[in-house]
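Q: Please take one part of this model and go through it closely, with the cut-offs stated. I would like the aromatic side chains and what surrounds them.
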Amino acid sequence: MRIKRHAMFAVILTVSATACGSDDATESTDTVTPGAVTTEAPSDSDPDVTSTPTASGGLSLVATDLGDIVVDDSGFTIYSFQPDLQGESTCYDQCEATWPVVNEVSAVGDGLDASLLGTTTRTDGSVQATYNDWPLYYFANDSSAGDRNGQGSGAAWYVLDAAGDPVIG
């Protein structure tokens with residue numbers, strides 16, 4: 001059953017993937033292949049997926065094979081979205097379901113610059129945390145602290161280094 005569910009999920013994703021940040025929700029520029037990072041949020045009824053947090057008390061650095069990257073105080077990876085261009089968030093609707101916003105950061109740990117911490121106001125009036133002016137996101141398919149399943153997704157989603165720059169590669 002587990003294999004069938006994953007295979008069916010991959011087929012559904014291949015057929016229905018949409019590009020995050022597009023003004024036209026029916027237009028897709030991402031190519032999704034079976035086994036690749038998914039672009040759909042997990043369902044609450046899926047017992048194999050735990051939900052990622054939607055707010056963070058603080059940010060810190062963790063050493064990885066990509067170098068030191070920014071995580072929240074629970075160890076969940078933080079991502080940037082290239083179309084945001086270090087400014088306002090462009091991720092809404094289905095994109096936001098897959099890439100939940102980090103809406104609160106109260107402090108930064110060693111190796112991070114508190115002066116780079118900020119916020120941006122989303123079109124719905126909610127506040128999203130920023131670091132080095134990049135709006136911050138989680139990836140819904142990172143089910144455990146330390147997961148980096150969203151890295152490089154759609155050639156648009158990247159983890160951040162200590163300076164708040166996307167780690168592309």
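What share of the contacts in the chain with a separation of 6 or more comes from residues 24 or more positions apart? And which residues form the aromatic cluster?

A: Residues 24 or more positions apart account for 67% of the contacts in the chain with a separation of 6 or more (contact: heavy atoms within 4.5 Å). The model is predicted, with local features needing pLDDT of at least 70 and side-chain atom pairs pLDDT 80 or more, while totals for chains, interfaces and linings use all residues. Numbering starts from 1 along each chain as its sequence is written, and side-chain values use heavy atoms, leaving out hydrogens and water.

Average pLDDT (the predictor's confidence in each residue, from 0 to 100) is 76 for the chain, and 67% of the residues score at least 70. Residues 1-52 fall below 50, and beyond near neighbours in sequence this stretch has 66 contacts in the model.

The chain holds two helices and eight strands (DSSP runs numbered from the N terminus: helices H or I of at least four residues, strands E of at least two). Along the sequence they follow the pattern α-β-β-β-α-β-β-β-β-β.

The aromatic cluster is made of Tyr 79, Phe 81, Trp 99, Tyr 137, Phe 139 and Trp 157. In total the structure holds seven aromatic pairs (rings of Phe, Tyr and Trp, the last by its six-membered ring, with centres within 6.5 Å; planes under 30 degrees apart are stacked, over 60 edge-to-face, the rest tilted). Trp 99 and Trp 157 are a stacked pair, with 3.8 Å centre to centre and 0 degrees between the planes. Trp 99 sits in the loop between helix 2 (94-98) and strand 4, and Trp 157 in strand 8, so their pair ties together parts that are 58 residues apart in sequence. Trp 157 also pairs with Tyr 137, this time edge-to-face, at 5.0 Å centre to centre and 90 degrees between the planes. Tyr 137 belongs to the loop between strand 7 and strand 8, 20 residues from Trp 157.

Both Trp 99 and Trp 157 are buried (relative accessible area under 20%; exposed is over 50%, partly exposed in between; 1.4 Å probe, protein chains only). Trp 157 has 3% relative accessibility, and Tyr 137 has 0% and is buried too. Of the chain's 169 residues, 35% count as buried.

In the loop between strand 2 and strand 3 is Ser 74, partly exposed at 47% relative accessible area.
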